[in-house]
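Here's a quick briefing to read with the structure open beside you. Take it one topic at a time.

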Amino acid sequence: SLRFVLYLADRLAGLPVALALSWRAAETGDGASRLARLEQIAADGVVSLTPLSRSGVRTLLVQEFGTAPAERFAEACHAVTGGNAFLLREMIQQLRADGIGPDEEAAAQVAALGPRSVARAVALRVARLGPAAGELARAAAVLGDGAQLRHAAVLAGVGLADAAAAADGLAGIGVFEPGTPLRFVHPIVR
């Protein structure tokens, strides 16, 4: 389907027709080159979404829960998801499934919450990178944000060169922040 969209976009260039698409940044493989080509065709028409502000997170919480959230709860939701709308919606679904409301007491539980659907999506992306990436991600999760690559490599049982390549791959798919020390993009991804 991506080949067809590329074919279609090529033919629509210059015409007063809108082609609306969305994709997750940092895709790798053959699809990445096609997405780059789509961006070239679209030129100035590509819009990248920014994370939700604290106010945006609060608004979404009000819409989803039907009531204004406690201040600490809203702040915890913003901190844990980094304003990522997908992660916030998944977290809200998990909170509802667990019978947790948007009150002050629930703020502490938010940080420990990791929706299963997010975990599955992240695990699938990491698995595509190979076993070294999975081991490094687990080791970094154990050591916590700010872990040194060499420490995570030892804990993962991976050579330093393989760990560096895996860390780059994990940053490329949006699991780690680029660079060192190792940091996850969101606590919920960790």
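Let's start with Thr-81, which touches Leu-87, Leu-88, Met-91 and His-186 when residues up to four places away in sequence are not counted; contact here means heavy atoms within 4.5 Å. Keep in mind that this is a predicted model, where local features need pLDDT of at least 70, side-chain atom pairs count only at pLDDT 80 or more, and totals for chains, interfaces and linings use all residues. Residues are numbered from 1 along each chain as its sequence is written, and side-chain values use heavy atoms, with hydrogens and water left out.

**More on Thr-81**
- You'll find Thr-81 in helix α4, residues 71-81; helices (H or I, at least four residues) are DSSP runs, numbered from the N terminus.
- Thr-81 counts as buried because its relative accessibility is 0%, and buried means under 20% relative accessible area (1.4 Å probe, protein chains only).
- A polar atom of the Thr-81 side chain sits 2.8 Å from the backbone oxygen of Cys-77.

**The nonpolar cores**
- The largest nonpolar core has 44 residues, and those touching the most other members are Leu-61, Phe-73, Met-91, Leu-136, Leu-170, Val-175 and Phe-176.
- A nonpolar core is a set of buried Ala, Val, Leu, Ile, Met, Phe, Trp, Tyr and Cys residues joined through side-chain atoms within 4.5 Å.
- Elements giving two or more residues to this core include α4, α8, α9 and α10.
- Another core, of six residues, lies apart from it, with Leu-6, Ala-9, Leu-35 and Leu-38 among them.
- Leaving aside neighbours within four places in sequence, Leu-136 is in contact with residues including Leu-149, Ala-153, Ala-163, Leu-170 and Phe-176.

**Helices against α10**
- α8 and α10 pack at about 80 degrees, their axes 9 Å apart; axes are lines fitted to C-alpha atoms, for helices over the stretch in contact, and angles run from 0 to 180 degrees between N-to-C directions.
- That angle makes α8 roughly perpendicular to α10, a label for 65 to 115 degrees.
- On the α8 side are Ala-132, Ala-133, Leu-136 and Ala-137, and they meet Ala-163, Ala-166, Ala-167 and Leu-170 in α10.
- Helix α9 (residues 149-156) packs against helix α10 (residues 160-172) at about 110 degrees, with axes 9 Å apart.
- So α9 is roughly perpendicular to α10.
- Leu-149, Arg-150 and Ala-153 of α9 make this contact with Leu-160, Ala-163, Ala-164 and Ala-167 of α10.

**A cis bond**
- Thr-180 and Pro-181 are joined by a cis peptide bond, with omega about 0 degrees.
- Most peptide bonds are trans.
- Pro-181 lies in the segment after α10.

Terms used
Parallel < 35°, antiparallel > 145°, perpendicular 65-115°, else oblique. Buried < 20%, exposed > 50% of the residue type's maximum accessible area, 1.4 Å probe, protein only. Polar contact = N/O pair within 3.5 Å; in protein donor to acceptor, adjacent residues only side chain to side chain.
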